[in-house]
Every structure is written in C-alpha cells, then in structure tokens.
Amino acid sequence: MDINQARTFLEVASCGSFIMAAERMHVTQTAVSARIRTLEQQLGRQLFVRNKAGARLTSAGERFMRHAATMVQVWERARHQVALPPGRDDAVSIGCELSLWQPLLGDWLIRMSRDCPEIALRAEVDSPARLLDAVHDGSLDLAVLYNPPQRPGLASELLAEEKLVMVTTRADGQMHADTYVYVDWGPSFAANHQATYPELSSPPVSISLGPLALVYLLEVGGASYFRIGSAQPYLDAGLLYRVRNAPEFSHSAYAVYAAQRDNPTLDRARACLREVAEKSK
C-alpha cells in the first residue's frame with residue numbers, strides 16, 4: 001500500500017469531502033478519487049459513501065481509521081529516525097500556536113535541551129488547524145493549542161487552565177461599543193462571544209494577535225478580552241481595569257498527540273511540557 005493512499009484516506013475522512021481533501025493536499029480531485037479507489041480495491045471494502053453532501057465513512061472505513069493513522073505515524077517516525085543528526089538517539093517534534101510560543105515553547109526547548117541532550121528537537125509555530133493536521137498525519141509528535149476540537153485518534157491533555165477577561169482603559173470599568181476591540185482568540189471564543197455580545201458582532205477594530213491588540217489598547221484606549229495572565233501586570237499597575245459584570249471565558253492550553261502511540265521519547269517530552277506549564281503558572 002502506498003503511504004499517500006493512507007494520507008489521502010485520512011484527509012478525506014477529516015474534511016468529509018473529496019474536493020476539500022484535494023485542495024488541502026494540493027492535488028487534483030481525480031488523484032484523490034484514484035487513490036481511494038485503489039485503496040478500496042486492495043482492501044476489498046468500500047471505505048466511503050459518496051453523495052452530494054460529500055463523503056462519509058462506511059463501517060469498514062471507520063475500522064480502517066486507526067490502522068491508517070498508525071501507518072502514517074510509523075512512516076513519519078521512521079523517516080525522522082533515519083534523518084537523526086549525529087550524536088542524537090531519537091527525535092521529537094512539537095508545534096504550537098503563535099500566542100503560546102512565549103514562554104511555554106521557549107521554556108520547553110531550553111528544558112529539553114538541558115535535560116535530554118540525546119534527543120533532537122524540532123519546533124514549529126503555525127495555525128491551530130495546520131498543527132492538528134500535522135499531528136494527525138504524524139509529521140508532528142505533539143501540538144500545544146488553546147481549546148482544541150476533538151479529532152478521532154488524537155488525545156488532548158490539559159496543561160494550563162486560563163481565562164479570557166474583558167478589560168478597559170477606563171477607570172470606571174465601563175465598556176463602550178464604539179471603542180471595543182475584538183481579538184480573535186479562536187472558534188470557541190468566537191462562538192461564546194457572539195452568543196454573549198451579539199451587539200458587538202461588527203466591532204470598529206478587529207485584531208488577530210493578542211499582543212498587538214494589547215499594544216493598541218494601551219495606546220489608543222478602549223476595551224477588549226485578554227488572557228488574565230497577560231493582563232494582570234497592567235491591572236496591578238492601574239493601566240487597565242476589569243469591566244464590571246463582564247463574563248469570563250475559558251482559554252485553556254492543551255497538549256495534543258496521537259492516542260495510540262507508545263513512545264517513551266514522546267512521554268518524556270510531554271512530562272517536560274507539564275513541568276514547564278506548571279512552573280509558568
């Protein structure tokens with residue numbers, strides 16, 4: 001079996017569409033269909049039910065999910081092992097969201113380099129969707145994400161519980177819609193925010209990066225949601241104030257990894273990540 005067939009199967013299963021899978025894999029829809037057709041012929045079972053709405057797994061396809069994920073992960077693991085640099089016995093790769101690299105990822109890299117010098121390290125910063133895809137197909141061992149969605153074959157481990165709180169530059173603790181700044185804290189926050197503040201669905205300013213929004217707010221003024229850990233020093237200094245009666249939203253960090261993998265190196269990496277997250281509280 002071609003490893004690309006397993007990758008294509010997982011991609012179609014993930015997005016529920018041959019067309020979307022082709023776009024995400026940067027191949028033609030014909031190539032995706034041919035790979036799945038060949039795979040079904042080799043297995044002697046239909047893996048997807050195709051209809052106008054897309055493609056859904058058959059019972060045989062659901063049973064094949066775990067095996068396909070394992071095959072891709074074993075292949076990626078083998079590829080990384082062959083490419084180990086001199087003096088290293090194993091390797092581990094980790095990815096995280098942009099707003100999590102400092103201090104969590106930086107501290108993890110320093111700690112792993114010091115405590116596990118025999119392990120080669122690879123770190124990436126990318127979007128949550130791309131990081132989940134990379135863990136799913138085995139090209140990343142581990143990803144650190146805020147409130148990740150559930151995916152078949154992936155496990156999520158809570159690292160740090162954090163909250164998003166609304167703060168303002170006004171000493172009276174009031175929020176005004178005409179000076180509100182919307183910060184993109186991900187799909188979960190967007191859904192909660194829309195349900196709680198439908199009147200703020202078209203804010204005057206929207207910013208996708210928390211640190212940039214904080215710089216803007218401190219200089220221009222207004223109100224917005226921020227992680228309590230990043231806002232607390234400014235609250236203590238009297239530069240920001242909690243908005244009265246504003247609800248808090250969960251924004252916890254999780255480690256995401258393949259659920260079926262038995263990997264002592266990954267276990268060490270996760271243990272180090274837990275220790276770093278605990279220390280940063």
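1. In this predicted model, Glu11 and Arg24 form a salt bridge, and their closest N and O atoms are 2.9 Å apart. Glu11 belongs to helix H1 (residues 3-15) and Arg24 to helix H2, so the pair ties together parts that are 13 residues apart in sequence. The two partners fall into separate burial classes. Glu11 is buried, with a relative accessible area of 16%. Arg24 has a relative accessible area of 32% and counts as partly exposed.

2. What is the network that includes Glu11 and Arg24? Salt bridges link Glu11, Arg24, Asp133 and Arg151 in a network. In total, the count of salt bridges comes to 17.

3. A second salt bridge joins Arg274 and Glu157, with 2.8 Å between the closest N and O atoms. Arg274 sits in helix H10 (residues 264-279) and Glu157 in strand S6 (residues 154-160), so this pair ties together parts that are 117 residues apart in sequence. Arg274 is partly exposed, at a relative accessible area of 35%. Glu157 is buried, at 14% relative accessible area.

4. Turning to helix packing, helix H2 (residues 18-25) packs against helix H3 (residues 29-43) at an angle of about 110 degrees, and the axes are 8 Å apart. Because of that angle, H2 is roughly perpendicular to H3. On the H2 side the contact is made by Phe18, Ile19, Ala21, Ala22 and Met25, and on the H3 side by Gln29, Val32, Ser33, Arg35 and Ile36. By class, the residues of this contact of H2 with H3 are seven nonpolar, two polar and one charged.

5. Helix H3 also packs with H1. The axes of H1 and H3 cross at roughly 110 degrees and come within 9 Å. H1 and H3 are therefore roughly perpendicular to each other. H1 contributes Asn4, Gln5, Thr8, Phe9 and Val12 to the contact, and H3 contributes Val32, Arg35, Ile36, Thr38, Leu39 and Gln42. Which classes do the residues of the contact of H1 with H3 belong to? Five are nonpolar, five are polar and one is charged.

6. The C-alpha trace spans about 70 × 55 × 25 Å along its principal axes. Of the 281 residues, 45% are buried. The accessible surface comes to about 14500 Å², and 52% of that surface belongs to carbon and sulfur atoms.

7. A last point concerns contacts across the sequence. Taking contacts between residues at least 6 apart in sequence, 71% join residues at least 24 apart. For Glu11 and Arg24 the separation is 13 residues.

Notes. Residues are numbered from 1 along each chain as its sequence is written. This is a predicted model: local features need pLDDT of at least 70, side-chain atom pairs count only at pLDDT 80 or more; totals for chains, interfaces and linings use all residues. Side-chain values use heavy atoms; hydrogens and water are left out. Axes are lines fitted to C-alpha atoms, for helices over the stretch in contact, and angles run from 0 to 180 degrees between N-to-C directions. Helices (H or I, at least four residues) and strands (E, at least two) are DSSP runs, numbered from the N terminus. Angles under 35 degrees count as roughly parallel, over 145 as roughly antiparallel, 65 to 115 as roughly perpendicular and the rest as oblique. Contact means heavy atoms within 4.5 Å. Ala, Val, Leu, Ile, Met, Phe, Trp, Tyr, Cys and Pro count as nonpolar, Asp, Glu, Lys and Arg as charged, and the others, Gly among them, as polar. A salt bridge is a side-chain nitrogen of Lys or Arg within 4 Å of a carboxyl oxygen of Asp or Glu. Buried means under 20% relative accessible area, exposed over 50%, partly exposed in between (1.4 Å probe, protein chains only). Accessible areas come from the Shrake-Rupley method with a 1.4 Å probe; for residues, only the protein chains shown count as cover.
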